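Biologist: Could you walk me through this one? I have not looked at it before.

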Amino acid sequence: MTVRNLDALFQPRCVALVGASPEPGSVGEKIVRNLLEGGFGGKILLVNPRHREILGQPCYKTIDELPFVPDLAVVATPAQTVPDVVSQLGAKGVRAAVVVSAGLGALKQQMLERARPYCLRILGPNGIGLILPLAGLNASFAHRDAPKGTIAFLSQSGALLTTVIDWAAGRDIGFSHVVSLGDMADVDFGDLLDYFAGDMESHAILIYMEALSNAAKFVSAARRAARVKPVIVVKSGRHEAGARAALSHTGALAGSDAAYDAAFRRTGLLRVRTLPDMFAAAEVLARRPKLNGERLTILTNGGGAGVLAVDELQDAGGIVAKLDPETKAKLDAVLPHGWSGANPVDIIGDAGPDRYRVALDVLLEDKSADAILVIQCPTALADPLANAQAVMSEYNAQKRDGTLVKPLLTCWLGEGSAHASRALFAKDKVPTFETPSDAITGFMQLVRYARAQQELIQTPDAGPGCDDKDASEVARIIAGVRASGRTMLNAIEAKAVFAAEGIPIAETIVARDVTGVKQAATRILTQNAACVIKILSPDITHKSDVGGVRLGLESPEAAAIAAGEMLERVASVKPEARIEGFMVEAMIRRPGAHETIVGMSVDNTFGPMMLFGAGGTAVEVIADRALALPPLDDVLARQMIKETRISKLLAGYRDRLPADMAALSNVLVRVSRLIVRHPEIRELDINPLIVDEKGVLALDARIRVAGENEEPRMALSIRPYPSQWETRFDIAGVGEVMVRPVRPEDERLYEMFFAKMSPEDVRMRFFTPRVALSHHFLARLTQIDYAREMAFVALAPGSGELLGVVRLVLDPDLVNGEYGILLRSDQKGRGLGWRLMQHLITYARAEGIKQITGLVLSENTTMIEMARRLGFKMHVSDEDPEVVEVRLDL
């Protein structure tokens, strides 16, 4: 995770092309022409030992002869020369290189090894290059330059990159950066998302992705980027030849593309499926309209086009706004008799500029709509450009008044007759589309983006309690299984693991033979109407597949007979299976209960991945499932449930009561915690987990753990809550204070915390006497990425009130961090701030942080003195003499 030297890649003042050529049609010649014709204001240097001049530009024989040190080099030489070229560039002092050469193969690693001593960053190889339209730099062999704009476009496919440039040029959509990643030997999606999250020139990020090289880095960077600007991704390769063979149902259901989907949702990225969808998303998000709701009103001069738009909207899960009576009355007063009287607002085919203007005026003031789509169908009685001008005149007038809050989308149907109108809309930064379908797709991308932003900052409830004794019991069971040379827990062991985690489990009695089955059934049937028997074997994972399950046995004799028949059946189907006995359980009769599955497997890209969906013996056939990256809280668990079809049944229908969703989400959170705490677990599932209004109950469970010589499990893509940094301090006059990493649910503590802060103390921390305690602001303080930020909160004994917080925000390179500390005004002078700072410094050292910095108002003498005692060096800021910059080198 690093943006080191990416400034040389994206803000170069001097660029060298190694492999420049005068030969028409060659890659080197095309790049030379693009460099010279792009309008770049910096220096351009060419290198080729066989030429002294190319296209009128001086050419140098070697890199060493260059009269200036380039910030950026473009390498277009044969593959076998690339490692040596990179070594020479590094020695010259070049900090970044775009390698367009293809076919490096094993030479790729040599190239990286030559670059590493100089920290020379490499984009590529095997890409088409880099285009920086705002800087006039076209360091690529693309067939045309990219139009200027505010979208950063990152693509693993060079052909698709040029296709998008072509499309955008005809729609007045431009780019701040166009980046061809190629093979991503060094610079990858994670690095670029980190860079563009902080880039002021790009307002949205568009990604074409084929695969990831470092999922954890990508997820962390994507979470950061998606919070500050739209990130739209097209991921190819959605269908694989088949899911990998797996012992658990979860492994069979969790395909790689579904894992990408889960990662995109978790990070707030907007995934689209096709190029047209990507173009629609780019069209609407590049204009950056703010959406405050999801209700859409359609204004049209053609009833058919309006109805098609409504159909598309409802098919996509959108909301058709219902005109309120006041709005309808206003429209009745200004529109001719015969208008539709409802949404879509059909103002009839002869509508001219005045009719469009007055109708739009009314609809912009309608409180029942959150956005408006205006459609124009070509007719002999309508001037499309005049109507477009009327629409923009009215819209811009309301924008100037400052009363406008609704996004406007337009759809002018037709070919030649609509071009001028679309150009007008594009000039005024209003999204415009060629068909109603495209317009609705664009609007729904806006809706999905708004939803994703809300999901990123939802505040969860406090999670279930964590008992170290339970964790020890699970560790003991797993250690025993591995010591015996096994990787599969038997059903009894698996159930014991889930029971230790607090998950309700059906009671099971183990019987070693048929006689034992009869005795166990006798015991169970004294309190239950029927019992169930299941085969117990380390070699049989899916018991029902071999006849290893019998249900509804109402007498001990029937259970014994069934057990004997089961032994015969299993022996004929799977003779090699070792039989350890039977499991006897009560027959659970809960009419109306739903069978679900909860599971986990290890994805090859993202590591541990959780699954929830419809369960039972037909689980793979039904294929109703959702995936999510652990760790989960209750908000994420409920979102995961909502993504499945069975969630509609769980919500209740007709005479069926809603299921206990709190109990179900609690199971998901507890399974997530189990996965985090025990990295030996490779696969697990509970199937079925029955759910109804009475709660949840696990009927069957499987767990596979790592073998003795198996590689360590892939790390989680999202760093979990670091419980190892929990501690307690004795603070004078307060007692034993709990200090722990901040959690999302801590947002509720901040209102009282700030209520007990003096304006002066707030000013000392935030450089302003008052802060707006919005949900968005507090979510940024409490919902942190532990991979790149830490905040320790100090909680009062008994009440749990927030007494103070210290924070460290790391740069993307994870080398330096900026700290901040804030104590409740009535807690100053007790030593709490000192202890919090010591704890933070200890954490920073353990994480390998090299330097901690901070900004302190010069009048904050208490903080300055504490920093000095902690070893910080300080000097007055060059930018503001009232601010002291403090620095601690670790």
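Modeller: We can go through ring pairs, salt bridges and then a sheet with its helices.

Biologist: What should I know before we start?

Modeller: This is a predicted model, in which local features need pLDDT of at least 70 and side-chain atom pairs count only at pLDDT 80 or more, while totals for chains, interfaces and linings use all residues. Residues are numbered from 1 along each chain as its sequence is written, and side-chain values use heavy atoms, with hydrogens and water left out.

Biologist: OK, how many aromatic pairs does the search find?

Modeller: Searching the whole structure gives 17 aromatic pairs, where rings of Phe, Tyr and Trp (its six-membered ring) pair if their centres lie within 6.5 Å, and planes under 30 degrees apart count as stacked, over 60 as edge-to-face and the rest as tilted. One of them joins Tyr-260 and Phe-264, whose ring centres are 6.0 Å apart with the planes at 50°, so this pair is tilted.

Biologist: Where do Tyr-260 and Phe-264 lie?

Modeller: Both are in helix H9 (residues 256-267), 4 residues apart, which is about one turn of the helix; helices (H or I, at least four residues) and strands (E, at least two) are DSSP runs, numbered from the N terminus. Tyr-260 and Phe-264 are both buried, a word used for under 20% relative accessible area, with exposed meaning over 50% and partly exposed in between (1.4 Å probe, protein chains only). Ring pairs also link Tyr-260 and Phe-264 with Phe-218 and Phe-606 into a cluster.

Biologist: And what kind of pair do Trp-725 and Tyr-843 form?

Modeller: Trp-725 and Tyr-843 form an edge-to-face pair, with 5.4 Å from centre to centre and 80° between the planes. This pair links distant parts of the chain, since Trp-725 is in the loop between strand E30 (701-705) and strand E31 (727-731) and Tyr-843 is in helix H28 (residues 832-846), 118 residues apart. Trp-725 and Tyr-843 are both buried.

Biologist: Switching to charges, which residue forms a salt bridge with Lys-217?

Modeller: Lys-217 has Asp-188 as a partner, with the closest N and O atoms 2.9 Å apart; a salt bridge is a side-chain nitrogen of Lys or Arg within 4 Å of a carboxyl oxygen of Asp or Glu. Lys-217 counts as buried because its relative accessibility is 11%, and Asp-188 is buried with a relative accessible area of 5%. Lys-217 and Asp-188 belong to a network of salt bridges that also links Arg-121, Asp-186 and Asp-191.
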